[in-house]
Amino acid sequence: MWKIRRLPHPLLQCTLFSIVALGLQNSWAEDNLKNNSGYSGSVSCIECHDHFYELWSTSHHGLAMQPYTRDFSKKELTPQQDAIQIGDQSYSAKIGPDEGWVAESGPEGEKKYPIEHVMGGKNVYYFLTTLERGRLQTLPLAYDVNKKKWYDTAASGVRHFPGVLDDEPLHWTDRAYTFNTSCYNCHVSQLATNYDFKSDSYHTVWAEPGINCETCHGPAGEHVKACKEAPAGEPPQDLRLKTVTVSRGYTTEQVNTACAPCHAKMRPLTNAMEPGISFSITTIWWRWNMRTSIRMGGIWGRTTPTLLG
Ligand code: HEC
Ligand code: HEC
Ligand code: HEC
Ligand code: HEC
């Protein structure tokens with residue numbers, strides 16, 4: 001395991017971690033998709049697990065990311081009252097029937113950023129737009145679900161360099177708010193960033209938005225096949241599924257481990273978390289917690305709102 005405290009200097013630690021982590025992330029993701037032939041997608045589960053599907057598709061996991069649509073904005077959002085000033089630009093979310101973009105106006109003129117994807121929903125919604133070179137970027141305006149108000153997404157994202165630089169909010173176009181580098185597998189399923197180092201560009205793809213069934217249960221293509229081939233009313237002896245259920249003999253710790261890669265905010269070193277394996281031996285502590293980050297003087301874009309405070 002990495003001995004964080006023995007590394008030479010906080011800034012160097014961060015650089016080292018970032019390089020290692022980004023490099024590994026790409027090869028994981030590519031391998032992940034290449035090896036993805038065993039996945040069959042959530043829709044293929046409806047036939048036999050319709051109740052589970054129903055519960056899942058309306059849950060925060062099923063909706064961890066969803067496309068922005070007119071219906072979504074009508075149901076979930078309220079119009080913005082006043083434009084929000086960020087630096088010398090001002091921003092307004094245009095969510096009317098024939099709209100769907102964030103308007104920017106400032107010294108360099110007017111710009112429209114189409115709202116393409118929505119993330120979150122428990123307390124806040126974040127929105128994504130495509131910028132140059134395939135970068136999916138978190139838009140500067142977010143929506144507070146409880147207060148029913150728009151606010152400056154990046155105002156609370158502070159980069160800490162104690163004693164070196166003043167703390168100040170990151171700009172919304174910072175890489176810390178780039179989906180391809182910072183949100184990866186936690187809000188979509190079976191993602192490959194397809195980052196091209198030479199052109200610094202992304203051709204990111206993923207199998208499904210949201211955390212699909214197979215993120216937790218593992219690839220289930222073989223399971224679907226075996227169950228379809230079995231005579232009606234006689235489930236196959238071998239379900240051909242590596243699942244995380246206590247009923248199949250996994251310990252509570254193993255079940256909990258399936259949640260750790262996202263909820264403990266760390267990154268598995270393997271292609272994906274295989275049901276049943278230990279989290280601690282497969283992770284690198286590059287997204288360690290907030291307090292540790294401050295103590296070590298690390299770089300931390302507070303990307304997930306749940307880490308605030
Ligand atoms: C053709 C029917 C069929 C399809 C399609 C199907 N399953 Fe199943 N599944 C079964 C049967 C039968 C069982 C065993 C009886 C039970 O637990 O309901 C089962 C059990 C399970 C279990 C519980 C295993 C355990 O350890 O108890 C999980 C998890 C599961 N399926 C996940 C999935 C996922 C994910 C998909 C879609 C990718 C899927 N299934 C598609 C028929 C199917
Ligand atoms: C691949 C990443 C991932 C995995 C694995 C994962 N989660 Fe989540 N979970 C999320 C994300 C992302 C959200 C928030 C989605 C949103 O609000 O858009 C979430 C939300 C939740 C919520 C809703 C929060 C609330 O208070 O209502 C619960 C509960 C939860 N997860 C429990 C679990 C459990 C238990 C497991 C393991 C069995 C698990 N999660 C595995 C990513 C994950
Ligand atoms: C390591 C996994 C991980 C990464 C990376 C990640 N998230 Fe999350 N995110 C989560 C989990 C887990 C939750 C749910 C936490 C809860 O409800 O307890 C969540 C929740 C959210 C929410 C809803 C918060 C709320 O309270 O309503 C938004 C919005 C969000 N994430 C956006 C992002 C964005 C944008 C990025 C990238 C810039 C990102 N996340 C990166 C795991 C992650
Ligand atoms: C966030 C992780 C996660 C996601 C996403 C998820 N499940 Fe599960 N599921 C679990 C866990 C954990 C258990 C087992 C709990 C236990 O055994 O105590 C489970 C149990 C099951 C079972 C067995 C229930 C039983 O009574 O034995 C089935 C079937 C199942 N899930 C199907 C699905 C299907 C189908 C989907 C998608 C539509 C899905 N799951 C999405 C984590 C998940």
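## Ligand shells, sheet and core of a predicted model

Around ligand 1 stand 21 residues, and Cys45, Cys48, Cys213, Ala220 and Cys227 come nearest. A residue counts as near a molecule or strand if its C-beta atom, placed from the backbone, lies within 6 Å of it. This is a predicted model: local features need pLDDT of at least 70, side-chain atom pairs count only at pLDDT 80 or more, and totals for chains, interfaces and linings use all residues. Residues are numbered from 1 along each chain as its sequence is written, while chains are lettered from A and ligands numbered from 1 in the order in which they are written.

**The chain overall**

The protein chain has 10 helices and 18 strands. Helices (H or I, at least four residues) and strands (E, at least two) are DSSP runs, numbered from the N terminus. Buried residues make up 27% of the 309 residues in the protein chain. A residue is buried if 20 or more other C-beta atoms lie within 10 Å of its own, exposed if 12 or fewer, and partly exposed in between; these C-beta atoms are placed from the backbone. Among contacts with a separation of 6 or more, 47% link residues 24 or more positions apart. Contact means that the C-beta atoms of two residues, placed from the backbone, lie within 7 Å.

The table gives each shell by residue class. Ala, Val, Leu, Ile, Met, Phe, Trp, Tyr, Cys and Pro count as nonpolar, Asp, Glu, Lys and Arg as charged, and the others, Gly among them, as polar.

| Shell | Nonpolar | Polar | Charged |
|---|---|---|---|
| Ligand 4 | 11 residues | seven residues | no residues |

Helix 6 and helix 7 (221-229) each supply at least two residues of the ligand 1 shell. Helix 7 gives the most to that shell, with four residues.

Ligand 4 has 18 residues around it; Cys45, Trp56, Cys213, Cys216 and Thr245 come nearest. Cys45 and Cys213 are also listed among the nearest residues of ligand 1. Helix 2 (50-57) and helix 6 (213-217) each put at least two residues into the ligand 4 shell. Helix 6 gives the most there, with four residues.

An open sheet of four strands runs in the order 2-3-4-5, with antiparallel pairing. Its edge strands are strand 2 (84-86) and strand 5 (109-114), each pairing on one side only. Twist from one strand to the next averages 25 degrees. Axes are lines fitted to C-alpha atoms, for helices over the stretch in contact, and angles run from 0 to 180 degrees between N-to-C directions. Two strands pair if DSSP finds at least two bridges between them.

Five bridges join strand 3 to strand 4 (residues 101-106). Ser92 has Ala103 in strand 4 as its bridge partner, and Ser90 stands opposite Ser105. The hairpin of strand 3 and strand 4 has six residues between the strands, and Gly100 takes a positive phi near 135 degrees there.

Strand 4 and strand 5 pair over six bridges, again antiparallel. Gly106 is bridged to Gly109 in strand 5. Two residues lie between the strands of this hairpin.

**Another hairpin**

Strand 9 (residues 141-144) and strand 10 (residues 149-152) run antiparallel and are joined by four bridges. Asp144 has Lys149 in strand 10 as its bridge partner. Four residues lie between the strands of this hairpin, where Lys148 takes a positive phi near 55 degrees.

**The nonpolar core**

A nonpolar core is a set of buried Ala, Val, Leu, Ile, Met, Phe, Trp, Tyr and Cys residues joined through C-beta atoms within 7 Å. The largest such core has 29 residues, and Val102, Met119, Tyr125, Phe127, Leu139 and Leu141 have the most contacts inside it. Strand 3 (89-94), strand 6, strand 7 (124-130) and strand 9 each give two or more residues to this core. Strand 7 gives the most, with four residues.

What does Leu141 touch, not counting residues up to four places away in sequence? Its contacts are Ile84, Tyr91, Ala93, Val102, Trp150 and Thr153.
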